[in-house]
Amino acid sequence: MSAPDADRDRPFDLVLWGATGFTGALVAEYLVRQHGAKAALRWAIGGRSREKLEQVRDRLAAIDAAAGELPILIGDGGDRASLDALAKQTRVVCSTVGPFARHGRPLVAACVEAGTDYCDSTGEPQFVRAMIDAHHERARATGARIVPCCGFDSIPSDLGNLMMQEAARTGHGAVCGEVRHYVSLRGGGFSGGTAASMVELAEEATRDPGVRRLMADPYALDPDHGPGPGGLDLQGVKWDADLQRWTGPFVMAGINARVVRRTNAMLGYAWGRDFHYVEGMSFAGGRSGFLKAAAMSAGIAAAMGAMAVPPVRRLVARRWLPASGEGPSKELRDRSSFRSRFIGVLAGSGARMHGTVAGVGDPGYDETAKMLGESAVCLAHDRHATRTEGGVLTPASCLGMTLVQRLRKQGMTFDVT
Ligand SMILES: NC(=O)c1ccc[n+]([C@@H]2O[C@H](COP(=O)([O-])OP(=O)(O)OC[C@H]3O[C@@H](n4cnc5c(N)ncnc54)[C@H](OP(=O)(O)O)[C@@H]3O)[C@@H](O)[C@H]2O)c1
């Protein structure tokens, strides 16, 4: 698979922006290991500090000596001219510079103007909504495919739902009118940038009623803001009879479920205007599962309540959250994994389909590096098999089953029974 010749006039296929961060360094390592330092992918690392980027490059060269020659591009997230220059040199920008609501806006604007494809690791719904409002129409005109949410937020949800819908279409000539998705996590931790992004969202929600309205709107990322049939994301503890497991809220459903609903809208409501998507966590079926679900539900409510109080939020951020560049150790990441269970309810017959998306590494970091890295390579190399029209898109509406195939090849499970 190769890029169209017309696009080879730019020096790079891909620039990894933010390679010095905790997540960015893992994506760089992933690209070196899986796609080589030179070969078919012409790529570079970028950021604001040459010294730190050279240190990253030295570490990459220890994995593959050819990585010692990776070009370095310098810019600053707040300096639009440097970002314009960067965006014009590459066909794709892959960004891990977050919080995105704080640092990410000028880069998206630069990519849109340069007609450069873009993907990132954001999980911030207010950032995605702002990018849709500011750039969707212009990106359609310039052809830039802007694809936020290509990490653990929201690839398993968005591509998992797409996988269920494709299986319903090809196996039953139908759509799933309802899809329920429950995540189980083992281990895991979070990094400085993730913590800062959560604090940023809490701060914006405190001062901006528009952000509070967005957080209360299940269709907040739809082109016309909905309304659709679904209520708010899963709240409290519920028994799922199809799964025979207890379920409870999942903290990232706030972005993931909205991305899935936007995909439906971007695909012309392929699954119907009354398509119903629910996301949460699942726990074992017995008493201990119920207690874990109840504890998780109460813990999320307490954490969100605490983060809404500015002095508590400041104290937590200062005393307990990891700093930029810090994150879970390799030992902890190696013991971590995720498994997403999907239940599809066929429109008409009501028959059930079951699906699984799973990854064997830490979902937020090693698996995110895989998902984001493959999204970027998919944008760069698979244009013929993906959406070519620009816009502020979603992983499934832009990269679709082509990205599923890539992730399967890299060891992720995408199965329907
Ligand atoms: N969706 C998911 O599942 C998922 C998973 C992981 C991470 N994330 C998100 O990814 C983002 C990064 O997280 P992280 O923990 O990797 O963050 P981090 O370690 O704090 O890294 C932040 C990066 O941003 C760079 N940066 C900050 N300000 C900049 C500026 N003005 N110009 C250019 N670069 C700038 C930093 O450069 P310096 O090194 O020079 O400071 C660093 O490379 C967060 O928003 C997080 O929520 C999402």
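The model is predicted: local features need pLDDT of at least 70, side-chain atom pairs count only at pLDDT 80 or more, and totals for chains, interfaces and linings use all residues. Residues are numbered from 1 along each chain as its sequence is written, and side-chain values use heavy atoms, with hydrogens and water left out. Helices (H or I, at least four residues) and strands (E, at least two) are DSSP runs numbered from the N terminus.

**Strand β10 and its partners**

- Strand β10 (residues 276-283) has 7 of its 8 residues buried, so the rest of the structure largely encloses it; buried means under 20% relative accessible area, exposed over 50%, and partly exposed in between (1.4 Å probe, protein chains only).
- Strand β7 (residues 176-186) pairs with β10 in the parallel sense over 6 bridges, where pairing requires at least two DSSP bridges between two strands.
- In that pairing, Arg180 stands opposite Val278 in β10.
- Strand β9 (residues 245-248) runs antiparallel to β10 and is joined to it by 3 bridges, with Trp246 opposite Phe283 in β10.

**Leu185 in β7**

- Leu185 is found in strand β7 and counts as partly exposed because its relative accessibility is 41%.
- Leaving aside neighbours within four places in sequence, Leu185 is in contact with Phe152, Phe250, Met281, Ser337, Phe338 and Pro363; contact means heavy atoms within 4.5 Å.
- One of these residues, Ser337, is 152 residues from Leu185 in sequence, yet the two are 6.1 Å apart in space, C-alpha to C-alpha.

**Nonpolar cores**

- The largest nonpolar core has 70 residues, of which Leu14, Trp43, Ile45, Cys119, Leu159, Leu407 and Phe414 touch the most other members; such a core is a set of buried Ala, Val, Leu, Ile, Met, Phe, Trp, Tyr and Cys residues joined through side-chain atoms within 4.5 Å.
- Helix α14 (residues 366-381) supplies the largest share of this core, 8 residues.
- A second, separate core of 31 residues includes Val15, Cys111, Ala139 and Val392.

**Phe414 and Thr356**

- Not counting residues up to four places away in sequence, Phe414 touches Leu159, Gly160, Met163, Thr356, Val357, Val404, Leu407 and Arg408.
- Thr356 lies in strand β12 (residues 352-359) and counts as buried because its relative accessibility is 17%.
- With the sequence neighbours up to four places away again left out, Thr356 touches Met163, Arg339, Ser340, Thr413, Phe414 and Asp415.

**Ligand shell**

- The ligand is surrounded by 30 residues, and the closest are Thr20, Gly77, Ser191, Ser197 and Ser324; a residue belongs here if one of its heavy atoms lies within 4 Å.
- A polar side-chain atom of Asp76 lies 3.3 Å from a nitrogen atom of the ligand.
- Taken alone the ligand exposes 930 Å², and the protein buries 93% of that; areas come from the Shrake-Rupley method with a 1.4 Å probe.
- Elements giving two or more residues to the shell are α1 (22-35), α4 (100-103) and α8 (192-207), and α8 gives the most, with 4 residues.

**Helix α16**

- Gly400, Thr402, Leu403, Val404, Arg406 and Leu407 are buried in helix α16 (residues 400-409).
- The cover over these buried residues includes α1, α7 (155-172), α14, α15 (395-398) and β14 (413-416).
- Just after α16, Gly411 takes a positive phi of about 100 degrees.

Technical notes. Polar contact = N/O pair within 3.5 Å; in protein donor to acceptor, adjacent residues only side chain to side chain.
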